[in-house]
Every structure is written in structure tokens, then in C-alpha cells.
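Student: I have a structure open and would like to learn how to read it. Could we go through it feature by feature?

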Amino acid sequence: MRAIRTRSQERILNLLKTVKQGISAQDIYVELRNRNQSMGLATVYRSLEALKLEGMVQVRTLANGEALYSLAQQDKHHMTCLQCGVSIPINQCPVHDLEDQLQGTHKFKIFYHTLEFFGLCGQCQMNQAAEIGH
């Protein structure tokens, strides 16, 4: 059964359908204003929280603390560089079997999962090695 959604939630869902990657709540607020669908920033956050609890929206928190929102269509996996912030998607998923097992064992409905590895990308490793060499 689909939950009854507010106009604000529908507007946010429609916006998220048009973006290819995660977007911050602040950027959602700005983009809706640009589309003449203005709403308060607090309403954006409230709507995102309701959609998240419904399993429609997923949130990914970056190393710098910024939260990025996207439609909960697929699980997201990334390697994120702590130095430059580049985020490299990982296409294979090593935890789908575990997810299925956990849902059964714990009677827990999983909407999505994220897997994030943090470290240094190749370019930042080379930059760091060059700095040490000097």
C-alpha cells in the first residue's frame, strides 16, 4: 500500500527522478525554487525524512558530513578519497546474500544498503609520495 504523500514530497520525488546522482537538501531547495516550486528548507528536510522512512529515498553521508539524497532504486557502493573527495562507484555487491539472510533471520525489512570505503585515490597517493620525497 502506498502512503499518502504531501505535495512537497511529490515535488521532491519528481525532482529526484531527474537527477542522475545524489543531491543535497540545500541543492534540492535551490532547484525547487528555480522551478517555481518553492518551499521552505525545513519542509524539504521534513519531506526527505518522511520519504526516507517510507523507503522511497536513500541518503548517503560523505566523509565531510554532507548528506546526499537519491531515489532508493538500487544499492550504492563507493570508494571515496578522503583527500580530494572523489567518489568512485563500485558496481559489484558483496553483501546481497547477507542482506537476504538478515531480512529472514531478524524479520527486518531492508529498503537499501550502502557500502563505503574511505582512503586515498591513486592521484592523491602520488601527490602524498611526492610531498614526502621533497
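Predicted model: local features only at pLDDT ≥ 70, side-chain atom pairs only at ≥ 80, totals over all residues.

Student: Is Ala130 buried, partly exposed or exposed?

Tutor: The class follows from relative accessibility: under 20% is buried, over 50% is exposed, and partly exposed is in between. Ala130 has 38% relative accessibility, so the residue counts as partly exposed.

Student: How far is Ala130 from Thr61?

Tutor: The two residues are 69 residues apart along the chain, and their C-alpha atoms are separated by 30 Å.

Student: Now a residue in helix 1. How is Ser8 classed, buried or exposed?

Tutor: Ser8 lies in helix 1. Its relative accessibility is 17%, and Ser8 therefore counts as buried.

Student: Which residues does Ser8 touch, apart from its neighbours within four places in sequence?

Tutor: With those neighbours left aside, Ser8 is in contact with Met39, Thr43 and Ser47.

Student: How do I describe a pair of packed helices?

Tutor: Two packed helices are described by the angle between their axes and the distance between the axes. Take helix 1 (residues 7–18) and helix 3 (residues 41–53): the angle is about 80 degrees, and the axes are 9 Å apart. Angles of 65 to 115 degrees count as roughly perpendicular, so helix 1 and helix 3 are roughly perpendicular to each other.

Student: Which residues make that contact?

Tutor: Helix 1 contributes Ser8, Gln9, Ile12 and Leu13, while helix 3 contributes Thr43, Val44, Ser47, Leu48, Ala50 and Leu51. By class, the contact of helix 1 with helix 3 has six nonpolar residues, four polar and no charged.

Student: At what angle do helix 1 and helix 2 pack?

Tutor: The angle between helix 1 and helix 2 is about 95 degrees, and their axes are 11 Å apart. Helix 1 and helix 2 are therefore roughly perpendicular to each other. Arg11, Ile12, Leu15 and Leu16 of helix 1 meet Ile28, Glu31 and Leu32 of helix 2. The contact of helix 1 with helix 2 has five nonpolar and two charged residues, with no polar ones.

Student: That leaves helix 2 with helix 3. At what angle do their axes cross?

Tutor: The axes of helix 2 (residues 25–34) and helix 3 cross at roughly 120 degrees and come within 9 Å. Helix 2 and helix 3 are therefore oblique to each other. Their crossing is right-handed. On the helix 2 side the contact residues are Ala25, Gln26, Ile28 and Tyr29; on the helix 3 side they are Leu41, Val44, Tyr45 and Leu48. The contact of helix 2 with helix 3 divides into seven nonpolar residues, one polar and no charged.

Student: Next, the strands. How many bridges join strand 1 to strand 2?

Tutor: Strand pairing is read from bridges and from the relative direction of the strands. Strand 1 (residues 57–61) and strand 2 run antiparallel and are joined by five bridges. Arg60 stands opposite Leu68, and Val59 has Tyr69 as its bridge partner.

Student: What lies between the two strands?

Tutor: Strand 1 and strand 2 form a hairpin with five residues between them. In the turn, Gly65 has a positive phi of about 95 degrees.

Student: In what order do the strands of the open sheet lie?

Tutor: The open sheet has three strands in the order 4-3-5, with mixed pairing. Strand 4 (87–89) and strand 5 (114–119) each have a single partner strand, so they stand at the edges and one side of each is left without a neighbour in the sheet. On average, neighbouring strands of this sheet are turned by 20 degrees against each other, direction ignored.

Student: How many bridges join strand 3 to strand 4?

Tutor: Three bridges join strand 3 (residues 76–81) to strand 4, and these strands run antiparallel. His78 has Pro89 in strand 4 as its bridge partner.

Definitions and conventions. Residues numbered from 1 in each chain as written. Heavy atoms only, no water. Pairing = 2+ DSSP bridges. Helix = DSSP H or I, 4+ residues; strand = E, 2+ residues; numbered from the N terminus. Axes fitted to C-alpha atoms, helices over the stretch in contact; angles between N-to-C directions. Parallel < 35°, antiparallel > 145°, perpendicular 65-115°, else oblique. Contact = heavy atoms within 4.5 Å. Nonpolar A, V, L, I, M, F, W, Y, C, P; charged D, E, K, R; others polar. Left-handed = near helix turned anticlockwise from the far one by under 90°. Buried < 20%, exposed > 50% of the residue type's maximum accessible area, 1.4 Å probe, protein only.
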